[in-house]
Amino acid sequence: MSLFECRDLVKHFGNIKALDGVSFSIERGKIVGLLGPNGSGKTTIMKIANGLLTPTSGNVIIDGKTPSPSTKKIVSYLPERTYIPDSMSVRQLLNFFSDFYTDFSRETALTMMNSLGIQETQEIKQMSKGTREKVQLIMVMSRKALLFLLDEPIGGVDPATRDYIIRTIIGNYNKEASIIISTHLISEVENILDDVLFLNQGKIVLNASVESIREDSGKSVDQMFREVFRC
């Protein structure tokens, strides 16, 4: 049984069809790139999977269940925008995650924060944008979830922060879990991806393994993306 599956997924926002019959499945132990231009439907899929949106029709199945409070226990979601309140300290944030998620490992989070010199007493409002991005990812990746949904985890941060984020993703990768990464910076994450899904105007236009793309076309995923979405 697939860990994550979309079955003929459709989502309308008024007259706009954000998703148009999207179907795919993801096995356990995979890191998958959900790739496409702005407005292609990537974030909509992630929000439906996290129970923040309801599909117009079709289904999302996570470990055999539709999105519900029970699936929130196995899904760890990193939204595109930082959501941590400025008023919180690191200790308050750790307490919140510890109370809210039974699978959250405070020890794992503290180990990663200590490696960055981040103290529990530090307040979020004192942090740079890059440090906030790191802290938010640390919190998300310190859960023992089965499905990690990372929406633009390296967008808008400097190259050193991107490297740290990618190392964090790999360093906390559970072989029984799967990770879906939505990003525009394909060349930055290509080497950690197993499979890719190209999404355009709410439809899947390519679903393939990274290895098959390289072998069949002789192109990198980034080169293939530029070819498929050439203006």
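**Helices and strands, a first look**

Student: Hi! Is the crossing of α4 and α5 left-handed or right-handed?

Tutor: The crossing of α4 and α5 is right-handed. A crossing is called right-handed if the near helix is turned clockwise from the far one by less than a right angle, and left-handed if anticlockwise. Helices (H or I, at least four residues) and strands (E, at least two) are DSSP runs, numbered from the N terminus.

Student: What should I know about the model before we go on?

Tutor: This is a predicted model, where local features need pLDDT of at least 70 and side-chain atom pairs count only at pLDDT 80 or more, while totals for chains, interfaces and linings use all residues. Residues are numbered from 1 along each chain as its sequence is written, and side-chain values use heavy atoms, with hydrogens and water left out.

Student: Back to the helices: at what angle do α4 and α5 pack?

Tutor: Helix α4 (residues 106-115) packs against helix α5 (residues 129-141) at about 155 degrees, and their axes are 9 Å apart. Axes are lines fitted to C-alpha atoms, for helices over the stretch in contact, and angles run from 0 to 180 degrees between N-to-C directions.

Student: New topic: why is strand β6 largely enclosed?

Tutor: Five of the five residues of β6 (residues 147-151) are buried, so the rest of the structure largely encloses this strand. Buried means under 20% relative accessible area, exposed over 50%, and partly exposed in between (1.4 Å probe, protein chains only). Leu-147, Leu-149 and Asp-151 point one way from β6, while Phe-148 and Leu-150 point the other way.

Student: Which residue is the bridge partner of Ser-76 in β6?

Tutor: That is Phe-148. Strand β5 (residues 75-78) and β6 pair in the parallel sense over four bridges. Five bridges join β6 to strand β7 (residues 178-182), also in parallel, and there Phe-148 stands opposite Ile-179. Two strands pair if DSSP finds at least two bridges between them.

Student: What is the strand order in the open sheet?

Tutor: The order is β2-β1-β4, with antiparallel pairing. The edge strands are β2 (16-26) and β4 (57-62).
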